Amino acid sequence: MNKESALLAYVTRLGDNALVLGQRMIELVAAYPELEEELANANFALDYIGQARMFYTCAGELEGKGRSEDDFAFLRDENEFRNLLLLEQPNGHFGDSLAKLVLFELFYFAQLQALTGCEDARVAEIAARAEKEIRYHLRHNTQWLVRLGDGTEESHRRVQESVNELWRFTGEMFEADEIDTIVEKAWGGPNLEQLRERWLADINAILINATLDKPEDGGMASGGKAGRHTEHFGYLIAEMQYLQRAHPGASW
Amino acid sequence: MSEKEWPLYEVFIRSKSGLSHRHAGSIHAADDQMALDAARDTYTRRSEGVSIWVVRSSQIVASDPAETAAFFEPAEDKIYRHPTFYDMPDGVENL
Amino acid sequence: MYTQGLDQKGAVADRQGTETPVQLEAFQARIDAEEKIEAKDWMPEAYRRTLVRQISQHAHSEIIGMQPEGNWLTRAPTLKRKAILLAKIQDEAGHGLYLYSAAETLGVSRNQMVADLLSGKAKYSSIFNYPALTWADIGAIGWLVDGAAIMNQIPLCRCSYGPYSRAMIRVCKEESFHQRQGFDILVSLCNGTEQQKAMAQDALNRWWWPSLMMFGPSDKDSKHSAQSMAWKIKRFTNDELRQKFIDVTVPQAEFLGLKVPDDELEFDEKTGHYRHGEIDWQEFHDVLAGNGPCNRQRMEKRRKAHDEGAWVREAARAYADKHAAKDAA
């Protein structure tokens with residue numbers, strides 16, 4: 001695989017992560033525990049949709065075949081999406097979606113920081129903008145995790161369960177495949193081993209603060225980066241793409 | 001309703017550097033950090049702010065509207081506090 | 001909304017506590033002089049009660065209004081439309097917040113208002129009890145429902161109660177984007193395929209009459225407006241606003257190439273207004289009484305979100321209490 005193809009695949013994966021997570025967050029609109037949290041969630045989802053658009057537009061330019069952000073989002077089949085399995089997991093309750101965000105965003109923030117040094121200027125620029133957004137997400141979300149972990153007995157139990165259930169999806173974030181390796185070596189992208197060490201330190205600190213236990217590492221789920229999804233994904237994509245598929249070629 | 005509410009906070013926003021903070025409204029939050037986040041999300045989505053103050057509403061000390069007359073009217077007849085009260089003679093400058 | 005709440009009982013002044021004629025006259029004189037009444041100022045109990053009902057109903061409408069539009073968020077046909085729709089829905093949550101905040105200055109708590117909504121005691125605008133069945137509905141809601149809301153909200157920017165008027169100024173600044181995004185959706189559909197055009201026409205057919213009903217009962221059936229008008233809580237009558245809405249909107253429908261579903265619609269050269277057919281007031285009352293297509297569904301979703309979120313709200317309080325105690329120690 002040459003370095004250009006690797007970068008294209010990498011940027012598309014970044015778009016896929018942002019889109020899938022944004023879509024899951026959108027499902028929660030009008031279902032939040034408090035009005036102020038509705039506003040916060042909407043901001044986060046808007047950030048993710050915005051990042052998906054930026055990454056897909058960049059991918060379209062890298063590819064050079066005239067594909068638009070919407071072509072990437074609405075006209076690719078399931079196995080062409082290469083998002084992390086963690087992000088396509090269903091929402092569950094507030095603790096579940098929060099745990100998912102914290103587990104992912106600690107990794108994503110570090111990934112974006114590294115990408116601000118990417119040798120492709122467009123990617124570096126998008127990463128710089130996204131980094132600011134995710135910095136704010138982390139501030140909000142990690143503090144919520146602490147509130148739930150160190151809140152009531154019920155919230156502690158629930159969010160511990162959330163972290164336990166989602167833990168097996170965290171390994172995939174640090175599994176370096178050929179694309180990750182080429183982007184690291186040829187484009188100045190992040191080293192996933194280093195990111196894993198940093199992530200472990202970060203998540204440990206937060207879990208301690210939240211009075212939560214770190215789950216044991218069991219088998220880690222894998223396959224999203226290769227387009228092999230969980231059964232949830234088909235439904236997510238079908239719903240999202242419905243109108244474009246039902247009206248091929250129409251303009252909206 | 002038996003559930004205890006999150007406290008009410010008043011929100012003050014400085015819209016740009018050089019201006020003072022102005023009262024924008026209120027939000028409910030469980031603690032100070034949440035209050036800042038909520039104020040930011042509610043009142044600065046369209047880049048309306050560079051600085052936010054949040055204060056627990058219970059901490060605001062306000063003048064009593066029933067005492068408005070006694071509180072504010074006595075200032076009205078002390079017009080000598082205004083520079084326009086003073087007629088300066090012609091010919092003198094820089095006063 | 002908005003105007004519907006003003007017509008309920010309670011707008012008529014009743015004497016409670018120590019409300020002397022001198023006080024009431026002084027209050028009315030302030031209103032007549034276009035002074036703003038602020039939170040702790042003396043006010044008749046009926047004025048306060050009417051405002052609490054009016055403002056909280058308005059807030060509830062914004063919150064419930066998130067649901068019909070939220071129904072098409074996951075299925076929005078482009079990323080740009082998805083983002084715009086989400087920003088609009090977020091604004092609605094924000095408007096609810098500004099309005100709850102304004103109502104709280106009158107001495108009612110957010111908890112109490114939410115409890116009244118969830119118990120069914122408090123009302124919200126009838127329009128949100130209709131279903132959003134196609135993507136074109138999202139366009140129609142923005143164009144017609146937000147259009148009607150704007151018509152009502154602009155005069156409210158000059159309402160006599162300071163906090164409400166300031167909240168309305170904020171809301172109005174944001175609302176015109178809402179209407180434009182709806183109209184923009186319909187422009188795309190009406191310039192699109194035959195199926196898209198049919199989708200737009202179908203949405204107009206279903207949303208036109210309910211939008212007219214948003215302005216509340218006909219003036220002749222609206223018994224309690226007089227006091228609200230005197231207190232400058234209401235600035236125009238229901239029929240005045242409704243007629244203005246029709247006059248402004250029909251040409252927009254013509255621009256889109258859509259037919260308004262009213263065979264009696266006709267422009268009257270002499271008056272400069274559109275004559276229109278009779279509204280089905282039975283439908284209006286049925287929906288207000290809880291028998292519209294989506295009343296139960298809207299309330300169910302709201303109650304579920306609230307109930308399922310109780311453990312979260314409690315956790316936040318518990319954490320804050322624990323740490324306040326620690327800091328104080």
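1. A salt bridge is counted here when a side-chain nitrogen of Lys or Arg lies within 4 Å of a carboxyl oxygen of Asp or Glu. The model is a predicted one, in which local features need pLDDT of at least 70 and side-chain atom pairs count only at pLDDT 80 or more, while totals for chains, interfaces and linings use all residues. Residues are numbered from 1 along each chain as its sequence is written, chains are lettered from A and ligands numbered from 1 in the order in which they are written, and side-chain values use heavy atoms, with hydrogens and water left out.

2. Over all chains, the salt-bridge rule gives a count of 49. One of these joins the side chains of A:Arg13 and A:Asp180, with a distance of 3.3 Å from N to O. Because A:Arg13 belongs to helix α1 (residues 3–26) of chain A and A:Asp180 to helix α8 (residues 178–187) of chain A, the pair ties together parts that are 167 residues apart in sequence. Helices here are DSSP runs (H or I, at least four residues), strands likewise (E, at least two), and both are numbered from the N terminus. Both A:Arg13 and A:Asp180 are buried, where buried means under 20% relative accessible area, exposed means over 50%, and partly exposed is in between (1.4 Å probe, protein chains only).

3. In chain C, C:Lys88 and C:Glu92 form a salt bridge whose closest N and O atoms are 3.1 Å apart. The two residues are 4 residues apart in helix α3 (residues 79–104) of chain C, and therefore about one helical turn separates them. C:Lys88 counts as buried at 1% relative accessibility, and C:Glu92 is likewise buried, with a relative accessible area of 5%. Elsewhere, salt bridges that share partners join A:Arg13, A:Asp177, A:Asp180 and A:Lys225 into one network.

4. Turning to the contact between chains B and A, 13 residues of chain B are in contact with 11 residues of chain A, contact meaning heavy atoms within 4.5 Å. The area buried between the two chains is about 1,200 Å², and carbon and sulfur atoms give 49% of it; buried area is the accessible area (1.4 Å probe) that two parts lose on being put together, summed over both. B:Gln33, B:Asp37 and B:Asp41 supply 40% of the area that chain B buries against chain A, more than any other three residues.

5. Between chain B and chain A the count is 2 salt bridges. B:Asp31 pairs with A:Arg147, the closest N and O atoms being 2.8 Å apart, and the side chains of B:Asp37 and A:Arg139 meet at 2.7 Å, N to O. B:Asp37 lies in helix α1 (residues 32–43) of chain B and A:Arg139 in helix α6 (residues 121–149) of chain A, so this pair joins two chains. B:Asp37 counts as buried at 2% relative accessibility, whereas A:Arg139, at 33%, counts as partly exposed.

6. Within chain B, 5 of the 7 residues of strand β1 (residues 8–14) are buried, so the strand is largely enclosed by the rest of the structure. Strand β1 of chain B pairs in the antiparallel sense over 6 bridges with strand β2 (residues 22–28), where B:Arg22 is the bridge partner of B:Ile13. Strand β1 of chain B also pairs in the antiparallel sense over 6 bridges with strand β3 (residues 51–56), where B:Val55 is the bridge partner of B:Glu10. Two strands are taken to pair if DSSP finds at least two bridges between them.
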